[in-house]
Every structure is written in structure tokens, then in C-alpha cells.
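This briefing is intended to be read beside the sequence and the coordinates.

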Amino acid sequence: MTTLEKGTAPVDGRRPGEELLSARDLVQEFPVRAAGGVRGGTVHALSGVSFDIRAGETLGVVGETGSGKSTLARSVIQAPPPRSGSVVFEGTDLTRLRRRALVRARREMQMVYQDPYGSLNPRWRVSELVEEPLRGYGVRDRGPRVAELLDMVGLDPSVYGRRRPHEMSGGQCQRVAIARAIALNPALVICDEAVSSLDVLIQSQVLNLFERLRRELGLSYLFISHDLALVKQVSDRVAVMHLGQLAEVGPAEALYRGPRHPYTAALLDSIPGLDARTGRPRRPAPLAGEPPSPLDPPSGCRFRTRCPRARERCAVEEPVLVERAPDHRVACHFPIEPGTPTGADAPADAAERTTP
Amino acid sequence: MSELASEPVAQREDVLGTATADAPVRGPAPDPAEPLLVVDDLRVRFVGRGRTVHAVNGLSYSLAPGRTLAIIGESGSGKSVAARALMGLLPSTARVSGSARFDGTELVGLSEREARRHRGADIAMVFQDPARSLNPTMRIGVQIAEAVRAHSDLDKAAAHRRAVELLAMVHLPAPQRRFHEYPHQLSGGMRQRVMIAIALAGEPRLLVADEATTALDVTTQAQIMELLLELQQRLGTAIVLISHDLGLAASYADDVVVMYAGQVVERARTADLFAHVRMPYTGALLGAIPRLEREPHSLLPVVPGQPPDLSALPGGCPFRPRCSSATDECAEGPPLREHEPGHWWACWHPLPDAPVKEGV
């Protein structure tokens, strides 16, 4: 195992716990074309999303398909920039940077994507793939650094350096993608479903690699996944996204142990598996109905059409994130109180419920 | 479904530890004497380009009407190939041997024409990707009606009515209107409901769900599984659930078969399997899954290495090179044997009973 040379350590100048990245009121919308190319509507991919990532911290983002998780990641790296809102990274607002300054700033934030084969040029050798970011930013004396990086992600440079992506397994390719991401000593690595396509046993190897790199290099992660247990495994704090908005943000342990937003509770209740205590199977409790369309999100709270706790107020007034416990913010008019069964303190008056 | 959703979700603090509703999933269906499907020593190899890939190496199980069997394994474990062998859906490079008797009829070695008679009518399959299984240029109702007519002598109008019934049966909202929609107008979960409607068109007695919920969100997965169980109880369908997800098997299957490198390494009633994991591979799979009750930033137990090359399988236990309990003995055998009542495993060094039960 190679450790970083002195002087290149990315933790320099950043104290753990300080804000590394602050995103405020991110809005991203995409026009949709209907048949014949006429304007068909607008996808509200992000609607006023704000969050912070502290130095050395992992922020996990969970949500269903279409909740805007990937758009969030792309808005952070300004590819494409959000329609409005700000992304302050290490003191600089990225949304105001021009092209060249933005390229410089991106050196500090790297992405790892879901499909390891799709994100690596199939005609390049592994050593060339890992060297590319170094060359792009004019780093000298690249050979030893490439070997060091491959070593760090657990690939023997003498064996794998000359291979091409198709000669390797998915897990090995993902290691190459990770070596590329950490090549320039970034402060932040954004993982967008980075282990989702891997088999369980390989997935655990790559998750442990992420964890080791975090400890050794002081990395911060923005870790995006649809898998709730996976996100908990790696995260200090977790943000739950629903239809372009944050439903709940809080410390991982507290959020999973006592979810305050009915949507978070519903997600947790949908996971199949065994009861840890009794060893008996647990029967997931499905949500009723279909996720609403991001083309035409419901008024007020966007979860209300599927929410067992929804009342009239939810249809008229959009809930905002409110701190309900230390560092634990929830966007719900009728959040779940900790220690109570989810349904018990729900509005008893059925007549008051909005009809979806 | 709606009553389920609004039901108080019991014991919130259990989320980490436990259950949402910890009642047994459902009473095990009574064991009828006559199994519907008996698979015996099924083998599939693919021959070509000077090498032979041994995809399935001796799969045996039996399945009774109304019951659910989960076949669990990673990519390349042979779980899907085995299912396609039953359906006669393998390419011509495949060599299938062994036996698979469906209600007394041998499925292995059927001609394409005979296989076609069983497909859909007796055995239907639901695949992972509903978007690619549906014809994007045809209205969904027409696709269902087509399947209905393929398996019956109903006229067009009657098939139309039956298609709407099937859409209602899979709980697609507004079935009359949805009949005329195209696949792209539906969400992933709705498309999978349409696929299930098509699968049910021939009133099959066996439904093979090959990673049918893998591409769906957890909330949608729970809805689709609920639907499958409801239909199973109503129609008495037997279900083969093919998945990489042990959690899914734990929640929904009566029996579980664990495959590795084309071989069955462990087989048991679901409750027995998870209470007493014997095969180190099954144990490794369970250990490697990130679980809600684990601490953030904890390291996962790691199994080194890669699954073996199926064209150059060594003798003995296929998991041996990656197994921490492997010894020289493991180069020979180990046969799949019934070591405890109903609990089969193929290992010389089975795991002892864990002192503390762990969730999936």
C-alpha cells in the first residue's frame, strides 16, 4: 500500500467539519418535446435543493428513479450548470466561473459513474486511462504516479497496466475508474450509482476500497444510490430525495433508526429481507399508487398523493425543510414523531385526508 | 393495496433491527403429493469457438403448485440459463441434458414446435427489462389481446375484453383507457404489470420471474411482489423467482436454491436456510450485503477473487479458491447431499450455527 507523499495531501488547508461545498436553491429544468417537436412541458428535475458537504464527510443521497439524484450530481459539477442557485465549493461559486476557471476548479471534484465499461475508452490501456487526467492537468513525472495509483486501488501495475477494459471484469474496471478519479488528489469524489452494477461480493470489495481511500486521503464523497442500505454503509449524513426536492436530511444512524418523513419510512418499509432479531422474513409494506410525474408535480407537498398521512394542508402549502432534531431536517407538515409507530399518530380523521 | 399502505407500520424503532410487519409472510402452502415441476440433474453447456462453457452443472429441484422457489446466484451462476432451458429459449449452441418434467411431460429435448405449445400456456416468463420486452410501436392492450388469442380461440372482441380484465387483475389504474396507450406512456412499474398481464394471458401454472423486479425501485418492487403473491394465491400458480437478492428470497420464497458457478451449493426451506446457513458461499453472500443494522463506515467482510471461468472449471468445489475454510479435501467432491431434513449442501466444511442471528 502506498501512502501519499507529503505536500500532496488533499487535507491541507481544510479542517474536517468545515463546509467544503454549499449548494443553495438549486433549480434544474429540462424542456420536453412532444410529438412533432412542439414544446411538451417542463421536467422539474431539481426544485430548490440546498445542502452542504463538510470536509472529510460523506453525504449519501437516496431516492427513486427520476427523483433527480443524478441531476443533482451534474448540477454540482456544472455539467450542465443549474438553471438557478449557487454551488460554493472551497469558497468559490462555481456557477459564476467561466470555462477555464471551471476546468481548474473541477480538478478538485471528480466523478465515478455506474457503468465501468461505458466510462472507460475501450481502446486505451489501463496505464493510459489512469495517466489521462494527470496529462490533462500538466502533471509531470506521471509514470510513478500511475503505478502508485493502481497500487492504491488494488491493481498490480505490472499485471494490469497493459490491459484494456474488455480484458478485465466489471469490478476491476471500476477500480480503474476510481484510480482516475483520485489521480489529481480531489477534495470531493461524486459517486453516481458507482457500485450498483456489480455483484454483491465484488461490490463489497469496491465499497471497502472507497472506505479505505476516504480514511487515507481524507476524501469527501457525495454518494448517490437507490439502495438505502448501501448508502447507510458509507454515509455520515443522508439526504432523501423525492421528485426534485429533499424530503429529509440527517445523520445516517438517526435517519434510518427514526425516519421523520413518511417517504423515508415508506422506502425503508419496502426493503425485503429477514428480521435481524427474530430471523423471520419481513413482509415489505408497499406504498399505494404510482410516483407522480416530474412533468406535472402535485401542488403543495409532492409526496402527498402517495402519503398515508396527507391532509388538506399538504395540498396547498409546500413544506420546507425544518430542523426537527440536531442536524436533522424534514420537509413535512406532519412528520413522524420518534418512538411512535408510523401510522399511530397519523391523522385519524379520514375525511380530512386529501383525495389523490 | 391501499389498505396495506395506510396500515400502521408497526414498531418503527425496528427499522434497523427489524421488521415492518413481522408476521410470517404467509402460511406455507400445503405440500401436495404431486409436484408440478421436477428438475433432475439439469445440465447446460455452450459449445463453440473451440471451447465449452459449462453454464449449468446438475441442477435439481421440485416445485409444487402454489409455491415459490427462489434461485439465488450472482452473474454467471447459471440461474437464468437454467430457467431458459425449461422454456426452450436457449440458442442453438446450447446442449441441454438431464430432465425437467412439467406435470409429467419431459421438457428437455422437445422440438421447437412442441416447446411452443407449453410456452405461455403452461409456463410463462417475466423478464428483467419490461421496456425491451414490450413492442414500443403497439398499444399495450393489443399486445395483451394478441397473447390471449395465441392461447385460446376467443374472437377479437372477446380477447379485447379479456385483455382489459387482465389489466384490471394486475391493478393497472383505468384499464379501459390504458388499453390504448403505448409502452413509453407507462412507468417502469406499470410496464412490468403489463408484462405480468401478458404472462397470465395463457393462464400458466408456472410463472418464472427472472430478475423481474431488479430494475424497479424498492417501493415498486414491493408492489409487484405483492401482486405476484396475490395472483399466486388466487390462481394457484407456482413461481420460480430468479434473483441475485437474498433479501427478496427471504421475504417471498418458500424454498431457496443457491447456485455458484452453475452448481447448486445449498438448498433448503427459506426459514431453515437463513436460520442455519451451512455453505460458506451462502454465508459470504449474506455477509457482503450492506445491511441497515450495520454502522456507517464499517468495513464489509471481503471474499477475495473472482468467480471461476466456466470454460475451465476445476474439479471439486467451485468456491474453493475463494473460500476461507477450504482444505485439500475440497479438490474432490463435495456432493450435494441432504445433511439435515430438507436441507442440502455441497461442502466438506459447513458453517456451524451462528450464535447470533443476523438479518439480511
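Which residues have the most contacts inside the largest nonpolar core? They are Leu222(A), Ile144(B) and Leu241(B), and the core has 201 residues. A nonpolar core here is a set of buried Ala, Val, Leu, Ile, Met, Phe, Trp, Tyr and Cys residues joined through C-beta atoms within 7 Å. The model is predicted; local features need pLDDT of at least 70, side-chain atom pairs count only at pLDDT 80 or more, and totals for chains, interfaces and linings use all residues. Residues are numbered from 1 along each chain as its sequence is written, while chains are lettered from A and ligands numbered from 1 in the order in which they are written.

**Confidence**

- Chain A has a mean pLDDT of 87, with 89% of its residues at 70 or more; pLDDT is the predictor's confidence in each residue, from 0 to 100.
- In chain A, residues 1–12 have a pLDDT below 50, and this stretch has 13 contacts in the model beyond near neighbours in sequence. Two residues are in contact if their C-beta atoms, placed from the backbone, lie within 7 Å.
- Residues 342–356 of chain A also have a pLDDT below 50, with 32 contacts beyond near neighbours in sequence.
- Where pLDDT is low, the predicted coordinates should not be read in detail.

**Composition of the chains**

- Chain A has 11 helices and 14 strands, and chain B has 13 helices and 12 strands. Helices (H or I, at least four residues) and strands (E, at least two) are DSSP runs, numbered from the N terminus.
- Of the 356 residues in chain A, 49% are buried; of the 360 residues in chain B, 47% are buried. A residue is buried if 20 or more other C-beta atoms lie within 10 Å of its own, exposed if 12 or fewer, and partly exposed in between, with C-beta atoms placed from the backbone.
- Among contacts with a separation of 6 or more, residues 24 or more positions apart account for 65% in chain A and 67% in chain B.

- Leaving aside residues up to four places away in sequence, Ile144(B) touches Ala163(B), Leu166(B), Leu167(B), Val194(B), Ala197(B), Ile198(B) and Ala201(B).
- In soluble globular proteins, nonpolar side chains tend to be buried together.

**Strand S3 of chain A**

- In S3(A) (residues 58–62), 5 of 5 residues are buried. Thr58(A), Gly60(A) and Val62(A) point one way from the strand, and Leu59(A) and Val61(A) point the other way.
- S3(A) pairs with strand S8 (residues 220–225) of chain A in the parallel sense over 5 bridges, and Val62(A) stands opposite Ser225(A). Two strands pair if DSSP finds at least two bridges between them.
- S3(A) is also joined by 4 bridges to strand S9 (residues 237–242) of chain A, again in parallel; Leu59(A) has Arg237(A) as its bridge partner there.

**Helix H4 of chain A**

- Val146(A), Leu149(A), Leu150(A) and Met152(A) are buried in H4(A) (residues 142–152).
- Seen down the axis of H4(A), the buried residues fall within an arc of 155°, so they line one face of the helix; the arc is that of the directions from the helix axis to the C-beta atoms.
- These buried residues pack against helix H3 (126–136), helix H5 (157–160) and helix H6 (170–182) of chain A, whereas Gly143(A) and Pro144(A), on the other side of H4(A), are exposed.
- Gly154(A), with a positive phi near 80°, follows H4(A).

**Open sheet of chain B**

- The 4 strands of an open sheet in chain B have the order S2-S1-S4-S5, with antiparallel pairing.
- Strand S2 (51–63) and strand S5 (105–106) of chain B stand at the edges with a single partner strand each, so one side of each is left without a neighbour in the sheet.
- Strand S4 (residues 94–102) of chain B is joined to S5(B) by 2 bridges, and Arg101(B) has Glu106(B) as its bridge partner.

**Two loop residues of chain B**

- Pro136(B), in the loop between helix H5 (130–133) and helix H6 (140–150) of chain B, is exposed, with 9 other C-beta atoms within 10 Å.
- Arg291(B), in the loop between helix H13 (280–288) and strand S11 (337–340) of chain B, counts as buried, with 22 C-beta neighbours inside 10 Å.
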